[in-house]
Amino acid sequence: MFINWKMREINLKIVYYGPSLSGKTTNLQCIHSRTNPRQRGELICLKTRGDRTLYFDFMQLELGRIRGLKPKFNLYTVPGQPCYVASRRLVLQGADGVVYVADSQLNRLKANMDTMRSLEENLRALGVSLHDFPLVLQYNKRDLPTRAPVALLQMQLARDGVPQFQSVATEGVGVIETLKAAINLVVSRI
Ligand SMILES: Nc1nc2c(ncn2[C@@H]2O[C@H](COP(=O)(O)OP(=O)(O)O)[C@@H](O)[C@H]2O)c(=O)[nH]1
Ligand SMILES: [Mg+2]
């Protein structure tokens with residue numbers, strides 16, 4: 001969180017975290033296409049060859065007012081590939097909340113769990129406990145026949161009191177609901 005008193009702006013950071021190819025960038029693309037251009041900035045995607053996220057994607061949303069301050073939500077994705085550990089840590093710095101985008105496919109169960117563990121470790125390295133941190137879980141790719149039952153994903157990833165959503169990010173299903181839950185958690189904490 002960063003408050004610019006002169007501009008009366010409050011900057012809040014929400015990070016979309018998850019294994020590679022789970023649909024984090026697709027979430028941001030959907031949010032970008034469904035929000036009023038006057039309330040959002042450009043979607044900036046830094047890409048490597050082959051279209052995978054290198055450092056991060058970024059977009060800014062301006063919504064409503066909190067006690068006379070203009071909240072600006074800065075949405076980031078992290079690169080999921082194992083080799084970008086340093087990038088993930090960097091993007092997590094100063095995060096006010098995390099949306100964990102899980103890939104529902106059966107063959108990604110282990111990747112989901114490994115990535116959840118890395119989220120916990122990376123937050124701990126920043127002095128933050130995932131236990132009392134604003135977190136929203138999204139089970140994405142619910143349209144695929146290879147999807148695991150939600151109960152299985154819940155068993156492996158869910159925690160007490162953490163909001164959960166099923167989604168098909170490519171079709172925009174569940175994307176805005178997930179974002180709203182994250183915004184609500186972040187705002188209620190400040
Ligand atoms: N079938 C299906 N494909 C999806 C869904 N969400 C994302 N994808 C696809 O999965 C691939 C990886 O998505 P992307 O957003 O780039 O993943 P990221 O690495 O987490 O940013 C792309 O080909 C997307 O079109 C979904 O809900 N269903
Ligand atoms: Mg991406």
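This is a short tour of a predicted model, stop by stop.

**Stop 1: the ligand**

Select ligand 1 and the residues around it. There are 18 residues around ligand 1. Which of them come nearest? They are Gly-23, Lys-24, Thr-25, Thr-26 and Ala-169. Now colour the shell by residue type. Eleven of its residues are polar, four are nonpolar and three are charged. Next, show helix α1, residues 24-34. This helix gives the shell three residues, the largest share.

**Stop 2: helix α2**

Move on to residues 85-92, which form helix α2. Show the side chains of Arg-88, Val-91 and Leu-92. Are these three buried or exposed? Arg-88, Val-91 and Leu-92 are buried. Look down the helix axis. The three cover an arc of only 100° around the axis, so they sit on the same side of α2.

Step past the end of the helix to Gly-94, which follows α2. The phi of Gly-94 is positive, near 75°.

**Stop 3: where α2 meets α3**

Two packed helices are described by the angle between their axes and the distance between the axes. Which hand does the crossing have? The crossing of α2 past α3 is right-handed.

**Stop 4: positive phi outside glycine**

Select Arg-8. Look in the loop between β1 (2-4) and β2 (9-17). Arg-8 is not a glycine, yet its phi is positive, about 55°. Arg-8 is exposed, because 12 other C-beta atoms lie within 10 Å, and a residue with 12 or fewer counts as exposed.

Now jump to Lys-141. This residue is in the loop between β7 (135-140) and α4 (150-157). Lys-141 also is a residue other than glycine with a positive phi, near 65°. Is Lys-141 buried or exposed? Lys-141 is buried, because 23 other C-beta atoms lie within 10 Å, and the cut-off for buried is 20 or more.

**Stop 5: a strand residue**

Select Phe-56. You are now in strand β4, residues 53-62. Phe-56 has 23 other C-beta atoms within 10 Å, so this residue is buried. Phe-56 and Asn-27 are 29 residues apart in sequence. In space, C-alpha to C-alpha, Phe-56 and Asn-27 are 13 Å apart.

**Stop 6: two loop residues**

Follow the chain from β4 towards β5 (70-77) and pick Leu-69 in the loop between them. With 17 C-beta neighbours inside 10 Å, Leu-69 counts as partly exposed. How far apart are Leu-69 and Thr-35 in space, C-alpha to C-alpha? The distance is 20 Å, and the two are 34 residues apart in sequence.

Val-162 has 17 C-beta neighbours inside 10 Å and counts as partly exposed. Val-162 and Val-85 are 77 residues apart in sequence and 25 Å apart in space, C-alpha to C-alpha.

Definitions and conventions. Residues are numbered from 1 along each chain as its sequence is written. Chains are lettered from A and ligands numbered from 1 in the order in which they are written. This is a predicted model: local features need pLDDT of at least 70, side-chain atom pairs count only at pLDDT 80 or more; totals for chains, interfaces and linings use all residues. Helices (H or I, at least four residues) and strands (E, at least two) are DSSP runs, numbered from the N terminus. The arc is that of the directions from the helix axis to the C-beta atoms. A residue is near a molecule or strand if its C-beta atom, placed from the backbone, lies within 6 Å of it. Ala, Val, Leu, Ile, Met, Phe, Trp, Tyr, Cys and Pro count as nonpolar, Asp, Glu, Lys and Arg as charged, and the others, Gly among them, as polar. A crossing is left-handed if the near helix is turned anticlockwise from the far one by less than a right angle, and right-handed if clockwise.
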